[in-house]
Amino acid sequence: MVNRFRSILLICLLIPSSAIAAAPERPAALPELGCVRLLRQARIAEVRGSPEEAVRILRIALEQYPGEVTVLIDLLEYHRRHGLEDGEDVRLRKALLDRLSDPDAQVPPGTLAFLVKNENAPPDESEAILDVLKRRSIDETRDPEMLRHIAILETRLSRLEEARSTLGRLLEIKPAWPLYSDCFQLDLHLERWSDAAATLEKMMERNRSPFYRGMYIMLLGKLGRYDEILKQTELLEQGSALDRKLVQEWVEDLLIQAAWNLRDAGKDEQA
């Protein structure tokens, strides 16, 4: 039955909504054209089977554009694929962290997204990058999107409690539909039923999907809120014919699950 409810959850999270926030406007902060040209030449050389030529071009790019984050990242990724001279990766990693530590340094959003999602990076490097990003986000209202990058990296490092807290702060600064969904998923994973119910209430203010209401009933059962279960079940049954058709296959299982949740909450009579 657990798998059935996870399937319900996936369906309700995939329902499109017009409330999804538009992508935030950010300064481009792209590398200079000459730097981009060198990076492209290096990638072409590697694809053509000339890794020595590729790293030669990357080193030229680093010499001409010292401290350019994208060049440092490309060299580090090259090292993970082919290897570099002893100690060079350590120097590159230090240079990258120094650059990221500069609060005035412009880092392309795409570069930040790559850094926080890069599963090839060793854990100690990812932890160091997380520490740097947290220092850059001291003024959260100035660059709230930095919190999103931090939460992604915290999630990848299995620091889920911290990721939920980070997303909560971002939600307070800049409410957006995808954030509610992310918070809801983390609340469920962490079994924070009260927080999950509160988040889902906010989501239901904008989307009255029967799937959301069904998930809400399940959470109410875990919280032992019997009267509210009756109210929400009645609202579910009063929905449109299409809503009733959508839920008729699983609403019985849903109420059985709610009954078991009530029993676990010590509400045997209501169960």
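Predicted model: local features only at pLDDT ≥ 70, side-chain atom pairs only at ≥ 80, totals over all residues.

User: Is Thr-166 buried or exposed, and what is its relative accessible area?
Analyst: Thr-166 belongs to helix α9, which covers residues 160-173. Leaving aside residues up to four places away in sequence, Thr-166 touches Leu-147, Ile-150, Ala-151 and Glu-154. Buried means under 20% relative accessible area. Thr-166 is therefore buried, at 2%.

User: Which residue has a side chain joined to that of Thr-166 by a polar contact?
Analyst: Glu-154 is one of the residues that Thr-166 touches. The two side chains come within 2.8 Å in a polar contact, and the partner of Thr-166 is Glu-154.

User: How far apart in helical turns are Asp-98 and Lys-94?
Analyst: The side chains of Asp-98 and Lys-94 form a salt bridge, with an N to O distance of 2.9 Å. Asp-98 is partly exposed at 43% relative accessibility, while Lys-94 is exposed at 52%. Because the two residues are four apart in helix α5 (residues 88-101), their separation is about one helical turn.

User: How many residues apart in sequence are the parts tied together by Glu-127 and Arg-159?
Analyst: A salt bridge of 2.4 Å, N to O, joins the side chains of Glu-127 and Arg-159. Glu-127 is in helix α7 (residues 123-136), whereas Arg-159 is in the loop between α8 (145-156) and α9, so the parts that the pair ties together have a sequence separation of 32 residues.

User: Are Asp-187 and Arg-164 buried or exposed?
Analyst: Asp-187 and Arg-164 have side chains that meet in a salt bridge at 2.7 Å, N to O. This pair links distant parts of the chain, 23 residues apart, with Asp-187 in helix α10 (residues 177-189) and Arg-164 in helix α9. Both Asp-187 and Arg-164 are buried.

User: Which residues do salt bridges with shared partners join into one network?
Analyst: The whole structure contains 20 salt bridges. One of them pairs Glu-127 with Arg-159, and both of these residues belong to the network. The members are Glu-127, Lys-134, Glu-154, Arg-159 and Glu-162.

User: At what angle do α10 and helix α12 pack, and how far apart are their axes?
Analyst: Two packed helices are described by the angle between their axes and by the distance between the axes. The crossing of α10 with α12 is left-handed. For α10 and α12 (residues 210-223), the angle is about 35° and the axes are 14 Å apart.

User: How many residues of the contact of α10 with α12 are nonpolar, polar and charged?
Analyst: From α10, the contact is made by Trp-177, Phe-184 and Leu-188; from α12, by Tyr-212, Met-215 and Leu-219. Classified by type, these residues include no charged and no polar members, and the nonpolar ones number six.

User: Which backbone nitrogen does the side chain of Asn-118 reach?
Analyst: Asn-118 sits in the loop between α6 (109-117) and α7, and it is buried, with 7% relative accessible area. Residues up to four places away in sequence aside, Asn-118 touches Glu-77, Arg-80 and Arg-156. At 3.1 Å, its side chain reaches the backbone nitrogen of Asn-120.

User: How far apart in space are Ala-128 and Leu-97?
Analyst: Ala-128 is part of helix α7 and is partly exposed, with a relative accessible area of 22%. Ala-128 and Leu-97 are separated by 31 residues in sequence, and their C-alpha to C-alpha distance is 7.6 Å.

User: What is the phi of Ser-158?
Analyst: Ser-158 is located in the loop between α8 and α9. An exposed residue is over 50% in relative accessible area, so Ser-158, at 60%, counts as exposed. Its phi is positive, in a residue other than glycine, and lies near 65°.

Conventions: Residues numbered from 1 in each chain as written. Heavy atoms only, no water. Buried < 20%, exposed > 50% of the residue type's maximum accessible area, 1.4 Å probe, protein only. Polar contact = N/O pair within 3.5 Å; in protein donor to acceptor, adjacent residues only side chain to side chain. Contact = heavy atoms within 4.5 Å. Salt bridge = Lys/Arg side-chain N within 4 Å of Asp/Glu carboxyl O. Axes fitted to C-alpha atoms, helices over the stretch in contact; angles between N-to-C directions. Left-handed = near helix turned anticlockwise from the far one by under 90°. Nonpolar A, V, L, I, M, F, W, Y, C, P; charged D, E, K, R; others polar.
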